[in-house]
Amino acid sequence: MTDLLPGAEALGALTVFVLDVEAEAAFCRDALGLTPVLADEQSAVVRLGATLLNMLRADAVGDLVAPARSAAVGETARMLLSLWVDDVDAVCAELGRRGVPLLNGPVDQPWGKRTAAFRSPAGIVWEVAQDL
């Protein structure tokens with residue numbers, strides 16, 4: 001049995017630390033079709049369903065994580081963001097039309113999903129996945 005924190009029902013926002021906010025925001029808007037919510041010199045926010053994705057300049061993190069230090073997403077994959085889709089192959093074809101190269105896939109996984117992965121300009125690895 002899991003005791004969820006009082007009032008916690010969903011992931012409200014996910015903040016990733018990046019070097020080039022404008023490039024990452026353009027990728028989210030143009031390649032993924034995500035709706036921009038706000039932008040300034042230090043961050044850009046897009047909506048993904050009920051969750052906000054905040055791309056924050058790594059050197060502007062300040063007290064958000066203090067005393068921990070921030071580091072920009074980079075060459076090393078540190079997380080994978082998965083988008084549930086109805087048809088991975090169709091989404092991959094659309095990503096190709098939008099100039100987004102795949103890292104791998106589409107491939108049927110042993111855990112019952114068909115997946116494909118790609119990377120944003122900041123190095124965030126995204127996956128599209130459908131139930132088999």
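In which strand is Ser 43 found? The answer is strand 3, and the residue makes a handy way into the fold. The structure is a predicted model, in which local features need pLDDT of at least 70 and side-chain atom pairs count only at pLDDT 80 or more, while totals for chains, interfaces and linings use all residues. Residues are numbered from 1 along each chain as its sequence is written, and side-chain values use heavy atoms, with hydrogens and water left out.

To start with the overall layout, the chain has two helices and eight strands. Helices (H or I, at least four residues) and strands (E, at least two) are DSSP runs, numbered from the N terminus. Along the sequence they follow the pattern β-α-β-β-β-β-α-β-β-β. The C-alpha atoms fill a box of roughly 45 × 45 × 25 Å, taken along the principal axes. Of the 132 residues, 36% count as buried, where buried means under 20% relative accessible area, exposed over 50% and partly exposed in between, with a 1.4 Å probe and protein chains only. As for contacts (heavy atoms within 4.5 Å), residues 24 or more positions apart account for 51% of those with a separation of 6 or more.

Back to Ser 43: at 10% relative accessibility, this serine counts as buried. Leaving out residues up to four places away in sequence, Ser 43 touches Val 21, Asn 54, Met 55 and Leu 56. Ser 43 and Leu 56 sit 13 residues apart in sequence, with their C-alpha atoms 4.3 Å apart in space. Another serine, Ser 120, lies in the loop between strand 7 (113–119) and strand 8 (125–131). Ser 120 counts as buried too, because its relative accessibility is 4%. Beyond its neighbours within four places in sequence, Ser 120 is in contact with Glu 24, Phe 27 and Trp 126.

What about the nonpolar interior? A nonpolar core is a set of buried Ala, Val, Leu, Ile, Met, Phe, Trp, Tyr and Cys residues joined through side-chain atoms within 4.5 Å. The largest one has 27 residues, and Leu 32, Met 55, Phe 118, Trp 126 and Val 128 touch the most other members. At least two residues of this core come from each of several elements, including strand 1 (13–18), strand 4 (51–57) and strand 5 (80–84). Helix 1 gives the most, with five residues. Apart from this core lies another, of six residues, among them Phe 17, Ala 58, Ala 60 and Val 61. Leu 32 touches Phe 27, Leu 95, Arg 98, Phe 118 and Trp 126, not counting residues up to four places away in sequence.

Now for helix 2, where Val 88, Cys 92 and Leu 95 are buried. Seen down the helix axis, the buried residues fall within an arc of 60 degrees, so they line one face of helix 2; the arc is that of the directions from the axis to the C-beta atoms. The cover over these buried residues includes helix 1, strand 6 (102–108), strand 7 and strand 8.

Finally, there are two cis peptide bonds to point out. Most peptide bonds are trans. Another runs from Gly 105 to Pro 106, with omega near 0 degrees, and Pro 106 belongs to strand 6.
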